[in-house]
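Have the structure open and follow along.

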Amino acid sequence: MSLLKLLILNIPPPYGGGEVRAKILFDHFAGKEGYRTLIYTHSKRSKSTQGRFLLYNVISNINLIARYTYIVIRLRPSLVFISIPKTFSALLKVIPMIFLKFFLRYKLLGELAGSSFYFLNSKPALRNISINLLKKFDSIRVLGQATKDYLYQYSITKSYVMDNGIAIPPEIKVAPKLLNRSIQVHLLYVGALNENKGTLIFPEIARILKQKEFDFIFDLVGEWSSHEEMDRFLAMIDGFKVRENFLMHGLVVDYSKWSYFKQADLFIFPSFNEGQPIVILEALAFGIPIVSSGVGLIPETITNGINGIIIEQIKGSRFAQEIMFLLNDDKLYYDISANNIKLYQDRYSKDTYIRNFNNWINSFLN
């Protein structure tokens with residue numbers, strides 16, 4: 001019997017958490033004995049078009065299905081791993097993989113990122129189809145216990161909790177941060193720029209901090225999901241007279257991105273809907289205290305008061321209040337910074353992630 005493991009990986013672009021995480025797997029497993037990787041990527045993909053029912057996406061998915069069907073039939077792997085989409089239309093691309101599983105007798109493992117899934121909010125008939133598809137998997141990796149419990153409500157019982165991990169270049173050295181009030185404070189956000197991510201709260205935060213005479217800059221790193229949201233944001237910062245407090249750097253990847261983490265004093269994350277954000281793990285790695293909303297699996301990822309401040313009421317005034325609190329307590333700030341570096345090293349490093357992933361998939365071949 002073949003012990004070949006086939007990993008079907010969506011790697012950047014776009015530069016979402018799932019793609020970044022898949023790139024770690026690709027870099028580690030590609031070319032290793034006993035593994036075969038099949039990647040899905042294209043320069044035209046972006047977060048604004050991902051998951052939408054567009055001709056380009058349909059053609060891309062058909063191409064992927066044809067490629068993995070051919071490879072599975074030719075190589076006869078003993079195990080296949082694939083990322084499970086969140087929308088019903090995109091979920092349909094796993095059907096051939098499920099169909100082939102029963103003929104070729106391989107184990108089928110999936111990864112369901114995030115903490116909420118659009119196909120479970122579909123019409124009852126579509127939701128039931130989605131649930132039945134998920135039940136065909138031998139195991140589904142999820143990011144936290146809350147997601148495992150959520151899926152259990154739909155009788156999806158074969159889920160497995162495993163943390164994300166990130167890769168920081170080894171030449172980058174980090175140490176606990178010290179506050180320096182003689183220089184301008186850098187507040188950092190990295191991710192998609194849209195209302196669901198809380199981006200439109202930043203102008204209100206900036207207005208309050210400016211009123212309190214804080215000397216600060218908001219570094220926003222990421223791409224806008226739509227021109228309408230960008231125009232609305234620009235109108236708000238102009239209306240509040242805080243445009244000079246914002247630097248919008250656009251999409252920044254690879255080594256260029258790390259410079260923003262190195263200079264950041266606080267990481268601000270007011271998202272309304274999350275799983276286990278990769279960017280929060282990156283902030284931990286650089287020892288940046290975090291001020292974040294408490295949605296999704298964030299409370300399972302960081303501890304309130306130990307790694308930063310978790311805010312339940314997502315309002316600009318609450319974020320501004322906690323930002324000022326952290327920036328006025330030198331000891332607490334230093335302790336949180338040290339805690340974050342240790343948490344990353346103990347739980348979210350690339351090596352830990354690879355080891356956990358490898359143990360998980362190999363447990364099905366014993």
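Where does E213 lie? You'll find E213 in the loop between α7 (202-211) and β8 (216-221). Keep in mind as you look around that this is a predicted model.

Most residues other than glycine have a negative phi. Is E213 buried or exposed? E213 is exposed, because its relative accessible area is 73% and the cut-off for exposed is over 50%.

Now hop over to R105. R105 isn't a glycine either, yet R105 has a positive phi of about 60 degrees. Its place is in the loop between α4 (95-104) and β4 (107-111). With a relative accessible area of 66%, R105 counts as exposed.

## Cis bonds among the prolines

Most peptide bonds are trans. The peptide bond joining P12 and P13 is cis, with omega at about 0 degrees.

Step along to the bond that joins P13 and P14, and you meet a cis peptide bond there too, with an omega of about -5 degrees. P14 also sits in the loop between β1 and α1.

## Where α1 meets α14

Next up is a pair of helices. At what angle do α1 and α14 pack? The angle between α1 and α14 (residues 350-362) is about 75 degrees, and their axes are 11 Å apart. That angle makes α1 roughly perpendicular to α14, because angles of 65 to 115 degrees count that way.

Which residues make the contact? On the α1 side they are R21, I24, L25, H28 and F29. On the α14 side, K350, Y353, I354, F357 and N358 take part. Sort the residues of this contact by type and you get six nonpolar, two polar and two charged.

## The buried side of α7

Finally, go back to α7, the helix that is followed by E213 with its positive phi. Which residues of α7 are buried? They are F202, P203, I205, A206, I208 and L209.

So what covers them? The cover includes the strands β7 (185-190), β8, β9 (246-250) and β10 (266-269). It also includes the helices α8 (227-239) and α12 (316-326).

Key:
Residues numbered from 1 in each chain as written. Predicted model: local features only at pLDDT ≥ 70, side-chain atom pairs only at ≥ 80, totals over all residues. Heavy atoms only, no water. Helix = DSSP H or I, 4+ residues; strand = E, 2+ residues; numbered from the N terminus. Buried < 20%, exposed > 50% of the residue type's maximum accessible area, 1.4 Å probe, protein only. Axes fitted to C-alpha atoms, helices over the stretch in contact; angles between N-to-C directions. Parallel < 35°, antiparallel > 145°, perpendicular 65-115°, else oblique. Contact = heavy atoms within 4.5 Å. Nonpolar A, V, L, I, M, F, W, Y, C, P; charged D, E, K, R; others polar.
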